[in-house]
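Trainee: I have a model open and a list of labels for it. Can we go through what each label rests on?

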Amino acid sequence: MELLESIDFSGNQVTGEIPQSITNLNFLNKQDLSYNHLEGKIPTGTQLQSFEASDFVGNKLSGPPLLLNCTRAT
């Protein structure tokens with residue numbers, strides 16, 4: 001699976017957070033996670049920040065490439 005180049009889960013009922021393990025997909029050059037029920041921070045330091053914000057819309061996500069920053073009250 002580490003050689004995966006494309007993921008399109010748009011418009012499904014995917015829930016939860018984007019797993020940190022997605023950062024192991026070094027060949028990923030296209031992804032669309034839009035319009036699901038994902039939440040939390042987009043993993044940073046990966047190619048995920050190079051994708052368009054539209055690939056993440058329709059979720060409760062924050063962090064680059066989205067303009068919404070994640071802040072949590074402690």
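Mentor: Start with pairing: two strands pair if DSSP finds at least two bridges between them. Strands are DSSP runs of E, at least two residues long, and helices are runs of H or I, at least four residues long, both numbered from the N terminus. This is a predicted model, where local features need pLDDT of at least 70, side-chain atom pairs count only at pLDDT 80 or more, and totals for chains, interfaces and linings use all residues. Residues are numbered from 1 along each chain as its sequence is written, and side-chain values use heavy atoms, with hydrogens and water left out.

Trainee: What makes β2 and β4 a pair?

Mentor: Two bridges join β2 to β4 (residues 37-41). The definition asks for at least two. The two strands run parallel, and G16 stands opposite L38 in β4.

Trainee: Which strands form the open sheet, and in what order?

Mentor: The order is β2-β4-β5, with parallel pairing. β2 (15-16) and β5 (60-62) stand at the edges; each has a single partner strand, so one side of each lacks a neighbour in the sheet.

Trainee: How many helices and strands does the protein have?

Mentor: Zero helices and five strands. The radius of gyration, taken over C-alpha atoms, is set against the globule rule, 2.2 Å times the number of residues to the power 0.38. The protein comes out at 12 Å, close to the 11 Å that the rule gives for 74 residues, so it is as compact as a globular protein of that length. The C-alpha trace spans about 40 × 25 × 20 Å along its principal axes.

Trainee: Why is S34 called buried?

Mentor: Buried means under 20% relative accessible area, exposed over 50%, partly exposed in between (1.4 Å probe, protein chains only). S34 has 5% relative accessibility, so it counts as buried. S34 lies in the loop between β3 (30-32) and β4. Across the protein, buried residues make up 35% of the 74.

Trainee: What does S34 touch?

Mentor: Contact means heavy atoms within 4.5 Å. Leaving out residues up to four places away in sequence, the contacts of S34 include F9, S10, D55 and F56.

Trainee: Which residues touch the most other members of the largest nonpolar core?

Mentor: A nonpolar core is a set of buried Ala, Val, Leu, Ile, Met, Phe, Trp, Tyr and Cys residues joined through side-chain atoms within 4.5 Å. The largest has 13 residues, and I18, I42, L48, F56 and L61 touch the most other members. Beyond its neighbours within four places in sequence, F56 contacts I18, I42, L48 and L61, among others.
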